[in-house]
Amino acid sequence: MDLLNTLVDKGLRRELPTREEALAVLATSDDELLDVVAAAGRVRRQWFGRRVKLNYLVNLKSGLCPEDCSYCSQRLGSKAEILKYTWLKPDEASKAAAAGVAGGAKRVCLVASGRGPTDRDVDRVSQTIEAIKDQNEGVEVCACLGLLSDGQAERLRSAGADAYNHNLNTSEGTYGAITSTHTYADRVETVQQAQAAGLSACSGLIAGMGESDADLVDVVFALRGLDPDSVPVNFLIPFEGTPLAKEWNLTPQRCLRILAMVRFVCPDVEVRLAGGREVHLRSMQPLALNLVNSIFLGDYLTSEGQAGQTDLDMIADAGFEVEGAGTTTLPQHRAQAGGGCGSHEGGCGPCGDGADEPAGAAESPEAPVADVTEVPGARTDLVTVRRRGAGTDLAPNA
């Protein structure tokens, strides 16, 4: 296919495809899917070989969010029966992080719900970063705390943070339809603040919220313009109790086409398969490793992922290898240019939005179940609320 040959050539040269080419990838047929994966896989292998970077999420503060992001189980007014708790102590967070590192994670992502951190919150997270680094030599730490105020990125960097995550989530044109309490421009500004402070920027998207192909291309092109080192691709987890609970728009084939499009537009960045992969890719997850070079290990912020050992087995069985701590993730030209070491449910987290009011864990031990009769094809059986790990007395999944 001439389109795929053109996209491979451009990807190997780090040349930006046209919008029309990116849209054409999303419009390919199921009969062409393996050709699309093979082509994008050539670009992935050029820059990252067969290495897969493992990342581990620690939810420092869960739920009780004053923001109204429609996709988020921690949002204002959410009726999703998730865990709710205030800040973990530094030693608690460090213990949770150690489980991920022991499972093979190279990066620990510290996420806290909230519009953005107070200066006291930055102090608290700084202590947590120091504790994690003291006890886990060589680990990368990414913070995801929401919108940053002046000087906060610099303080996190001084405390030892390597990266900062803040996702754009969707296109600028449709952003107001999913969130009203902050703007797309606010998110862009936070990513730029992180970059200016010398942090490796991590910013990605959520697919499956009812957006068009043009919206997906818009947000991925915007990310290319921001030039983050890491681009997490989340697939909406339609939690019962949130406004998007009935948005079951994705198939495994659609997810693979989206990942391929992201790889062609962002050929030499860390493309991370994030929240929702188990729900929407299902048995096709191993095929996605030909497109991405990074995944989350184990559970997400408020939902459970597949077993950590299953992740490791999947990587090995698909012929890939876990990236070691001594390996630089990014290609040399990006690392030399100042790039760092580099859900929603993944991403290094959703938006990082929430309030400081403490609350106990949710009482119900069962995950909420949507009305499947209203949404043909919905796999609500795969949406499981996290009941283990950070904020509980149970061992984490890593």
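The axes of helix α3 (residues 33-48) and helix α10 (residues 252-265) come within 9 Å of each other and cross at roughly 40°, which makes α3 oblique to α10. This is a predicted model, in which local features need pLDDT of at least 70 and side-chain atom pairs count only at pLDDT 80 or more, while totals for chains, interfaces and linings use all residues. Residues are numbered from 1 along each chain as its sequence is written, and side-chain values use heavy atoms, with hydrogens and water left out.

**Helix packing**

- α3 passes α10 in a left-handed crossing, and the contact joins L33, V36, A39, A40, V43, R44 and F48 of α3 to Q253, L256, R257, A260, R263 and F264 of α10.
- The residues of this contact of α3 with α10 divide into nine nonpolar, one polar and three charged.
- Helix α2 (residues 19-26) also packs on α10, their axes coming within 8 Å and crossing at roughly 155°, and the two are therefore roughly antiparallel to each other.
- The crossing of α2 past α10 is right-handed, with A22, V25 and L26 in α2 meeting R254, R257, I258, A260, M261, F264 and V265 in α10; by class, this contact has eight nonpolar, no polar and two charged residues.
- Helix α1 (residues 2-12) packs against α3 at an angle of about 10°, with the axes 9 Å apart, and that makes α1 roughly parallel to α3.
- On the α1 side of that contact are L4, L7, V8, G11 and L12, which meet D35, V36, A39, R42, V43, Q46 and W47 in α3; the class count here is eight nonpolar, two polar and two charged residues.

**Cavities and pocket**

- The largest cavity holds about 100 Å³ of space, and of the 14 residues that line it, Y56, L57, R386, G389 and A390 are the closest to its centre.
- Strand β1 (residues 51-61) gives the largest share of the lining of the largest cavity, four residues, and by class the lining has eight nonpolar, three polar and three charged residues.
- The second largest cavity has a volume of about 50 Å³ and is lined by I237, G276, E278, V279, Y300, S303, E304, L382, V383 and T384, of which five are nonpolar, three polar and two charged.
- The largest pocket has a volume of about 360 Å³ and is lined by 18 residues, with L88, E92, A390, G391 and T392 nearest its centre.
- Helix α4 (residues 90-102) supplies the largest share of the lining of the largest pocket, four residues, and the lining as a whole has nine nonpolar, four polar and five charged residues.

**Terms**

- Helices (H or I, at least four residues) and strands (E, at least two) are DSSP runs numbered from the N terminus, and contact means heavy atoms within 4.5 Å.
- Axes are fitted to C-alpha atoms, for helices over the stretch in contact, with angles from 0 to 180 degrees between N-to-C directions; under 35 degrees is roughly parallel, over 145 roughly antiparallel, 65 to 115 roughly perpendicular and the rest oblique.
- A crossing is left-handed if the near helix is turned anticlockwise from the far one by less than a right angle, and right-handed if clockwise.
- Ala, Val, Leu, Ile, Met, Phe, Trp, Tyr, Cys and Pro count as nonpolar, Asp, Glu, Lys and Arg as charged, and the others, Gly among them, as polar.
- On a 1 Å grid over the protein atoms alone, a cavity is a set of points where a 1.4 Å probe fits but cannot get out, a pocket is an open set with protein on both sides within 12 Å along at least five of seven lines, and lining residues have an atom within 4 Å of a point; points are joined across faces, edges and corners, and a volume is the space filled by probe spheres set on them.
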